[in-house]
2 protein chains.
Amino acid sequence: MKLFIIGIGLIGGSFAKDIRRLYPDTTIYGIDSNPSHLDEAMALKIIDAKSDYEDLGVADMVVVAIPVNALVAELPKILHKVGDDCVVIDGGSTKNLICETLEDHPKRRNYLACHPIAGTEFSGPSAAIERLYEGKTNIICEVEKTAFKLQERALELFRQMGMRIRYMNPLAHDKHIAYVSHLSHISSFMLGKTVIEKEKNERDIFDMAGSGFESTVRLAKSSPAMWTPIFEQNRENVIETLQEYINNLQKFKDLLEKGDYTGIYNEMNDTNKIKEILKGIPHNKQ
Amino acid sequence: MKLFIIGIGLIGGSFAKDIRRLYPDTTIYGIDSNPSHLDEAMALKIIDAKSDYEDLGVADMVVVAIPVNALVAELPKILHKVGDDCVVIDGGSTKNLICETLEDHPKRRNYLACHPIAGTEFSGPSAAIERLYEGKTNIICEVEKTAFKLQERALELFRQMGMRIRYMNPLAHDKHIAYVSHLSHISSFMLGKTVIEKEKNERDIFDMAGSGFESTVRLAKSSPAMWTPIFEQNRENVIETLQEYINNLQKFKDLLEKGDYTGIYNEMNDTNKIKEILKGIPHNKQ
């Protein structure tokens, strides 16, 4: 198989590693706007050769793992370059604008809209890890618009990678992912900001931080270049979730101000059921 | 050595495990208001015997690891029961009200006010782990009020447990810990609440959650019985940090509403320096 990875970072590089393990005869070509990422991916043997869009005609599969604004700009061009028997998949954290953009593309049937729910807060080729996707959910949108034998090829790969498949329409995807992913990133970034601002005046407060703080601000290490276009594309849903979160924080603060500690207890106790919910979320095997 | 652990949960039990390893000749007595915790601690061999306050006269060291409202109520009674050569330490997440309460106690010199910054979101004797405190910071308040040879005994134990010691006054402790610990718990609880509320109407959105969501809501598994009195005792500081956090979230939302994506990028980019800060925080070895 001839595989092209466009965007050799955490997501694209981890795809490459699994595909090399599962299909040892594959030749993996890398395309990246950042030349040092390509050099690094070559050195790490994640890819076999550097390439560019002009070579895409020979591809059997293309994995596009670039920021969501770049997906909207590049996927139409990529689809024009690939052959009729090539399947193009992406890993974008938003799906609606991308699917809308490609709706009338003559090669729409060559594209399978995917969002594998997997990752870490790190980025670049060196962040790529084997089996990142094992046990994780891959959300596929508008599956009926992809040619059946190309669906089969991609789904067989996902099955071998150990992914669970969930089918969803792009609007529902974007709405729900705002709650379980996009909001977590904002809560983490703003928590980090609040404490960094305090540290400026109060020095050395991070010496007092433990693993609980670390866990809640871990996502504040994420890439702004990747996340800004996600928030832009999913703006309305993100604003709605953020408003609900602020309302809940405000209500908690009101209870504290009134000294209603039974109310405070109940707020936390009612949320403790998250224990059961979290048991169902697969861990990374890092 | 005769050691009494009052409150055989995660914190008290982990102290017991380390002390047994470091001082094998120690006899460990357990006191707990919950009889099933005592049975569990006996079965797990965390303690050698069940005990009560009437036996405290023979203690060389007492570790009190109970919720902070119970500390305020129980520490005065415990100090009355211990001998002149016994050191009493606690693990409370607030320090000011506790230090104020004990200020004029006739046995104040037997008490060392501690806050070991260590823990997990789990509770009870079965949550106790060896070496929980290794590499962690232990904040000691008003060290000068403790008898010197009792300070020495406690500090030698902390040294052998591998803890870093930081001295601080109780007011500064409570103010700073609101930022790096108490706020993280509220952000996590309210994030969990926001998503659980959505799930009620939208079903199955947790299937879409990944490890990022899990990380930010992990602390929402924490015990409401432990955290309600912490928020009560540290009410003013917590309200202040919570207001700053809400302001930052509101500002982020305003930027999104205005479509100021350069502003959004800068907010995240400025907070990315948390990467360097987090490198200094020790991980749990679970």
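Hi everyone. One definition before we start: a residue is called buried when its relative accessible area is under 20%. Please also keep in mind that this is a predicted model.

Let me begin with a ring pair in chain A. A:Trp227 and A:Phe231 are both buried by that cut-off. They sit four residues apart in helix H8 of chain A (residues 224–233), which is about one turn of the helix. Over all chains, a search of the whole structure turns up 11 aromatic pairs.

Now, over in chain B, how do the rings of B:Phe4 and B:Tyr29 pair? Their centres are 4.6 Å apart and their planes are at 15°, so this pair is stacked. B:Phe4 is in strand S1 of chain B and B:Tyr29 in strand S2 of chain B, 25 residues apart, so to speak a link between distant parts of the chain. B:Phe4 has a relative accessible area of 0% and is buried; B:Tyr29, at 18%, counts as buried too.

Those two strands come up again with helix H1 of chain B. Among what covers the buried residues of H1(B) are strand S1 (2–6), strand S2 (27–31) and helix H5 (148–161) of chain B. The buried residues of H1(B) include B:Leu10, B:Phe15 and B:Ile19. The helix has 13 residues, and at 1.5 Å a residue it should span 18 Å; its end C-alpha atoms are 18 Å apart, which agrees.

Next, the two chains together. Chain B can be laid on chain A by a turn of 180° and a shift of 0.0 Å along the axis, with an RMSD of 0.0 Å. The copies are thus related as by a two-fold rotation axis. Which residue of chain B has its C-alpha nearest that axis? That would be B:Thr216, at 2.2 Å.

Let's stay with B:Thr216 for a moment. This residue lies in helix H7 of chain B (residues 211–217) and, at 1% relative accessibility, counts as buried. A polar atom of its side chain is 3.0 Å from the backbone oxygen of B:Phe213. Leaving aside residues up to four places away in sequence, B:Thr216 touches residues including A:Ser184, A:Thr216, A:Leu219 and B:Leu191.

And the interface as a whole? 100% of the interface residues of chain B are also interface residues in chain A, so the copies meet through the same surface.

Key. Residues are numbered from 1 along each chain as its sequence is written. Chains are lettered from A and ligands numbered from 1 in the order in which they are written. This is a predicted model: local features need pLDDT of at least 70, side-chain atom pairs count only at pLDDT 80 or more; totals for chains, interfaces and linings use all residues. Side-chain values use heavy atoms; hydrogens and water are left out. Copies are superposed by least squares on the C-alpha atoms of residues with pLDDT of at least 70 in both. Contact means heavy atoms within 4.5 Å. Buried means under 20% relative accessible area, exposed over 50%, partly exposed in between (1.4 Å probe, protein chains only). A polar contact is a pair of N or O atoms within 3.5 Å; within protein, one must be able to donate a hydrogen and the other to accept it, and residues adjacent in sequence count only if both atoms are side-chain atoms. The expected span of a helix is 1.5 Å times one less than its number of residues. Rings of Phe, Tyr and Trp (its six-membered ring) pair if their centres lie within 6.5 Å; planes under 30 degrees apart count as stacked, over 60 as edge-to-face and the rest as tilted.
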